[in-house]
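Thanks for coming. I will go through a few local features of one model and then take a sheet and its neighbours.

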Amino acid sequence: RIDAKTLVKLPMQNVDTGMGLERTITILNGKKSVYDTESFKPIIAALEAISGIAYGSDKDKDKDKDLSFRIIADHVRSAVMILGDPKGVVPSNVGAGYVLRRLIRRAMRHGRKLAMEGSFLRKPAEAVIAILSSAYPELEDNSQKIMEELAREEAKFLETLQKGEHEFEKMLPNLLKNPQKIMSGRLAFKLYDTYGFPIELTLELAAENGLSVNREEFDEAFKKHQELSRAGAEQVFKGGLADQSEMTVKYHTTTHLLHKALRMVLGERVEQKGSNINAERLRFDFSHPEPMSPEEIARVEAIVNEQIQRDLPVKMEIMSLEEAKASGAMALFGEKYEDSVKVYSVGDFSKELCGGPHVGHTGILGHFVIKKEQSSSAGVRRIRAVLE
């Protein structure tokens, strides 16, 4: 039994329930879930208009449809917030880009369950922007990018979905003959690795047909896949240098000029995604959603060559990471750095965190020529260039 006389008044008169704003609003407004609040109702209304299906039916047979409504609304909202961030990522097969891709593709998968064929994410995305842009004005500012990336990912996934589901249907008769009704992780990984079909969707398709998936076997295959990818990434981001010969060092400095020129021509959202440099050429990967036009390529070449002709000095400074960021130095998004870093400045043109080495001035680089601009992966372009 507690003696009231021994109780001590706390300095802060509140209780942290961990409910969050939306759950609190749900309770205060007498709603059953957050999806019944104003935070989600316009998004769900957009989905109702597209599908022709009413959300919130009490009939048991429609419960799965209500679940699909909620998944789409939640995932579209998350995807819009990620894409709308000025430093946000784009859909890809690795890292945060893969999380974004999973959100978009799962939303599309549940759209198909509501008979929404083809592209349909624009309307719910517009509803998200209308709801949240007063608090997050960057959503309105970046609305064009958001819609372009969603449309691009929808088009890619529709093709992937058709191929993956077709392959799953081909496997299904044999899978159903298995008394244990288990799909091997090897087959599930084949769908992922060969056709780009996400494991989450394989799990859903399997469950819909009374099957389970050997997830442990899939995870083992996926882990090996990640290790190979990580080994390749580490090779790329060790400065991308095959050696430290005179020409390789020249190409290394040229990548700094190229990176800045690309941002000037294509926009500040361009970020380095990898590089590979040897004594014969440079290869530079960067985030950009579409092929560069001949005019854009010509402008980038002209900017780089202008800096070479200016014979700019290349200077290295060692400073803290915070000082480097405050100085405006570019860094690889998501890369881990030590507390003390090297910052290379090329005259008044560019400033980047880099391990080196570099030339002393740009006048010795020669004439810069882009030989090829092509796709590297989803949302990533690749330039091959030489110094003549």
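F189 and Y192 are about one helical turn from each other, because they sit three residues apart in helix α8, residues 185–195. Helices here are DSSP runs of H or I with at least four residues, strands are E runs of at least two, and both are numbered from the N terminus. This is a predicted model, in which local features need pLDDT of at least 70 and side-chain atom pairs count only at pLDDT 80 or more, while totals for chains, interfaces and linings use all residues. Residues are numbered from 1 along each chain as its sequence is written, and side-chain values use heavy atoms, with hydrogens and water left out.

Back to the rings. The structure holds eight aromatic pairs. One of them is F189 with Y192, a tilted pair at 5.7 Å centre to centre with 40 degrees between the planes. Rings of Phe, Tyr and Trp (its six-membered ring) pair if their centres lie within 6.5 Å; planes under 30 degrees apart are stacked, over 60 edge-to-face, and the rest tilted. F189 counts as buried at 13% relative accessibility, and Y192 counts as buried at 9%. Buried means under 20% relative accessible area, exposed over 50%, and partly exposed in between, with a 1.4 Å probe and protein chains only. Ring pairs also link F189 and Y192 with F218 and F222 into a cluster.

Next, T362. Which loop holds T362? The one between β7 (350–353) and β8 (368–377). T362 is buried, at 0% relative accessibility. Leaving aside neighbours within four places in sequence, T362 is in contact (heavy atoms within 4.5 Å) with L257, Q307, I308, D311, L312, V314 and V346. A polar atom of the T362 side chain lies 2.7 Å from the backbone nitrogen of L312.

By contrast, D16 is in the segment before α1 (20–28) and counts as exposed, at 73% relative accessibility.

Now the sheet. Four strands form an open sheet in the order β3-β4-β9-β8, with antiparallel pairing; strands pair if DSSP finds at least two bridges between them. β3 (272–277) and β8 are the edge strands, each pairing on one side only. The twist averages 20 degrees from one strand to the next. Strand β4 (282–287) is joined to β9 (380–387) by six bridges, and S287 has V380 as its bridge partner in β9. Helix α11 (246–266) packs on the sheet and touches β3, β4, β8 and β9, its direction making about 30 degrees with that of β4. Axes are lines fitted to C-alpha atoms, for helices over the stretch in contact, and angles run from 0 to 180 degrees between N-to-C directions.

Key. A polar contact is a pair of N or O atoms within 3.5 Å; within protein, one must be able to donate a hydrogen and the other to accept it, and residues adjacent in sequence count only if both atoms are side-chain atoms.
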